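Hi,

Here is the structure I promised to pass on. Have a look at it first, and my notes follow below.

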Amino acid sequence: MRLPKGFQFSQGSLQDYVDCARRFFLRYVQRLAWPAVESEPILESEHYAQLGEQFHKMIQQHLIGVPAEKISAMITAEELREWWENYLEYYRQQAMANQTQLFPEIILSAPIGNHRLMAKFDLISLQKDGSLVITDWKTARKPPQRIWLERRLQTRVYPYLLSKAGDFLNNNHPIYPEQIRMIYWFANFPDQPEVFSYDRKTMKADQERLEYLVEAIEMGDEKAFHLTDDKKHCQFCVYRSLCGRGIQASNLDTDEESVEDITSFDDRLDIDQIAEIEY
Amino acid sequence: MKLTPDQLHIIEISPGEKIFLEGAAGCGKTTVGVEWLLFLMAQGVPASSILLLVPQRTMAKPYLEAMQIPGVSAGGFVAAMTMGGMARRMVDLFWPLVADQAGFARPDLPPTFLTLETAQYYMAQIVTPLLSQGLLDSVVIDPNRLFSQIIDNLNKAAVVGFPYQEIGERLKGAWNGEPEQAHIYEDAQQCANHFRSFCLEHNLLDFSLQMEVFTRRLWHLPPCRDFLNHTYRHLLAENIEEDTPVAHDLLREWMPEFESALLIYDTDGGYRRFLGADPQSAYSLKEQCTSQACFTNSFVKTMPIEALENDLSEILNPESHKPAHRSENIPKNQSDPRTALAHGFFRYYPEMLDWIAGQVQELVQYGLPPGEIVILAPFLSDALRFSIMHRLEDLHIPCISQRPSRSLREEPVTQCLLTLAYLAHPEWKDSYPLSKFDVAYALMQAIGGMDLIRSQLLSEIVFHPRKNVPQLTSFSIINPAMQERITLQLGDKYETLRLWLEAYQQEPPQELDHFICRLFGEVLSQPEFGFHTNMKSGEVTANLIESIQKFRWVAGDQLVQAGKSTGLEYLEMVRQGVIAAQYLRSWETDINDAVLISPAYTYLISNRPIEVQFWLDIGSRGWFERLYQPLTHPYVLSRHWETGRPWTDAEEISASQDTLARLTQGLLRRCRQKVYLGLSILGEQGYEQHGPLLSAFQRLLQQWQTEGEM
Ligand code: SF4
């Protein structure tokens, strides 16, 4: 399949492919804008997405030196205040200020197949003991199951890419998989972070899987991008009218796992989202 | 790609150098820029520590493309941005530190960034009452153009770097007409003052305020400065001559902090002057660099094109004419510019368009790829764009129009969606009384297979503005003969749509963007409806939704507090043309495979050399004259104009001549083989025309004819 010029793989696009090859084709090959409702209730989903975005920005502000009290003073939503206080507590507990180096909102990219794989990290921290921790801030309303998280492409791509492309964050030394940990931290459940360690074997398996996926996409013709058999994915997919897979979007509350999927607003990363807007 | 020794020298120059690279278009400067960037990365410089600064986002394209290839080493990501983009990002990040001192009334609340559209909306809200008090009464232009010129003045003040309170004084000082007219500049100043106060009061930041807060406040604040210095250690600034004086000031101060830098300067640029570009101030950055280089050899032009450029420049602007490097040894037949020219002269405009389409067809038949052809006009109206594209499409030649943007409300898909929105909200009836034709047109778009005749028949019967409330009645009450004529299948779809709208009305009204989102997904894009499998309808709808959403996020709360419907206010603004709801047509053919139809300046800035150019309508004065903008002035509101000095007719003519000379030179430097000139005695509007570009070509051809006869 000829992918559009400048296309780069991300965990979001690969997750789309794994969930439904057709969705990948429509979204990334045809670049088809299809503005149907993704999840109901629409106003609430929008509100949560905005709060999540604001929360990520507040953390970034804090990590680049804006005093916490200045940020706190601007919070107007109660939910956000709660998340923020949870975060500050976590920040103190982790003694983040004492860690060697913090790299918030960093993008890494490495070659894969005939393309590149890229990811935007909420935070990578280089610890005093030489280990590197990837932290992903999550604002999901329900904590997803560990097994579900473990299978997500995000959990596979992030540590892999850090090892492949993150040397410059490690004072130009190679990063061995064993040095890496990935933490999903939940603003609503601050005491239940999910931590994933990494090792050579897992990395090898990840590399094989990622290369396999990329190759399958690169080699497949249009027919290979078939509709998913798991119709649950269609409930939260904007293309359902195009595929004849239903009329209305499902309610976020009805599907525990999909909550996390939809509220990750930074996973469909592409170059246009990174580049700047001109006036 | 094989690089010349000069190019290689710059790329591999010792790290730590700050290089100023100048040269005309087509000399390989961007190639050097790309390779310099890749070389830095290959030396182990983290990509995320490199700042790629461009005056316009499109100019970053060659760099981003080069970094997307698999061969580029793994690592971070080069930050490509404009100074405006950086200003916005920094204000957003450091807002809690700057809001108070920048004079915002609610520093404890987050900022709201305005787009051009939402700025225009607020400007209309603020200025319209002032207009009814008699302000600007002698300026006879569309109020929307008036609003945008006041916004433009504020932007100029911000990017040129003078206090916005001086706009009126500067413009008035240059006024050379009737003294009693000079008050319009005081009025324009008053409008700008009101707008700025309103923004400060409500934490609204238009482009001008974003730039001012960044350059005048944040830039001097240690946390922001430290962040920038720490993040970006290397600089590549492309086409600095198209950037603004304030951007140059900032770079001047920033330069010592960078470990290495490459500044690229196009010696003939400055095409974005109307947006505040200042080549003179850009050139002053040369002194900041430790090493300077100048490229003179074009990789683009052929000998006849070079001769054409030279001769035309001599005619158009003899005073500032610098002869291009033409070797004395070139045989005369190789430097005859006529070999690089073709022309078609006609009486009527459509004849000229037919000729152009015919010539393009011939070129393509002879094997020239369509992507190597560009059709250029000084301005590209919708009508002109349509006429050319229509002709080329008839000939099965792929084409793409590179117009900066196009208004959504002109799209049938939008008209359909807005009509259905009015139908679903009977309470909006007074704002826009729907006609039967509106409904017929909407049904034709909405229902797959519905033609205009059937949709008109249907709307005649089912659409009743009862008691002034627009309503659709059921298909089932139509007589069977008519049902047959319309067809039961179409009737069935109509019923689905009608019932959906009826059900919507039973619930509390939703936001307009949510309404459209649902209508699209649940009805119009479903099988057998008009938007199903229609890529373009999805794109137009998505753009419309985005425009409404941005408007709601910015103005929604205030409107709700004032008891107004955000959706209705949006529709009103679109109808009045305040919100143009412009968008870029991304579904069109890949630019590289199609004939490009573009306004001349847009093409110049896209920096894309091409084999063949068509210059449309060379008799038009549009090639020479500025747009009529009575409330603003790109030259007077620049750093090089002394306040109080009048702008005379002589200056206007000289500026226009200079502009035309630069424009034609810029175009020719991006042309490899041939220029086709299209002329019609009667222009697009039907008037006879004889502009300076035509005269210049007549002189040029005459000169060569005489030389040939001697
Ligand atoms: S609707 Fe279902 S089948 Fe169609 S693209 Fe979405 S997930 Fe795939």
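Which residues do ring pairs link into a cluster? They are A:Y48, A:F55, A:W83, A:W84, A:Y87, A:Y90, A:Y91, A:W137 and A:W185. Rings of Phe, Tyr and Trp (its six-membered ring) pair if their centres lie within 6.5 Å, with planes under 30 degrees apart called stacked, over 60 edge-to-face and the rest tilted.

Before you read on, some ground rules. This is a predicted model, so local features need pLDDT of at least 70 and side-chain atom pairs count only at pLDDT 80 or more, while totals for chains, interfaces and linings use all residues. Residues are numbered from 1 along each chain as its sequence is written, chains are lettered from A and ligands numbered from 1 in the order in which they are written, and side-chain values use heavy atoms, leaving out hydrogens and water.

Now the rings. Searching the whole structure turns up 51 aromatic pairs over all chains. One of them is A:F7 with A:F9: the ring centres are 4.9 Å apart and the planes stand at 90°, so this pair is edge-to-face. A:F7 is buried at a relative accessible area of 6%, and A:F9 is buried too, at 0%. (Buried means under 20% relative accessible area, exposed over 50%, and partly exposed in between, using a 1.4 Å probe and protein chains only.)

Then there is A:F55 with A:W83. Their ring centres are 5.6 Å apart with planes at 70°, so that pair is edge-to-face as well. It links distant parts of the chain, since A:F55 sits in helix α3 (residues 42-63) of chain A and A:W83 in helix α5 (residues 78-93) of chain A, 28 residues apart. Both A:F55 and A:W83 are buried.

Two arginines are worth a click. A:R146 lies over the face of A:F196, 4.1 Å from the ring centre. In chain B, the charged end of B:R170 is placed over the ring of B:F162, at 3.9 Å from its centre. The test here is NZ of Lys or CZ of Arg within 6 Å of the ring centre and within 35 degrees of the ring normal.

What surrounds the ligand? The shell is A:C20, A:R23, A:L227, A:T228, A:C234, A:C237, A:Y239, A:R240, A:C243 and A:R245, each having a heavy atom within 4 Å of it. By class that makes six nonpolar, one polar and three charged residues. (Ala, Val, Leu, Ile, Met, Phe, Trp, Tyr, Cys and Pro count as nonpolar, Asp, Glu, Lys and Arg as charged, and the others, Gly among them, as polar.)

As for the chains, chain A has 11 helices and five strands, and 58% of its 279 residues are buried. Chain B comes to 26 helices and 18 strands, with 58% of its 710 residues buried. Helices (H or I, at least four residues) and strands (E, at least two) are DSSP runs, numbered from the N terminus. The C-alpha atoms of chain B fill a box of roughly 85 × 65 × 65 Å along the principal axes.

Last stop, B:S455, which lies in helix α18 (residues 452-462) of chain B. B:S455 is buried, at 0% relative accessible area. Apart from neighbours within four places in sequence, B:S455 is in contact (heavy atoms within 4.5 Å) with B:A440, B:L443, B:M444 and B:M450.

Cheers
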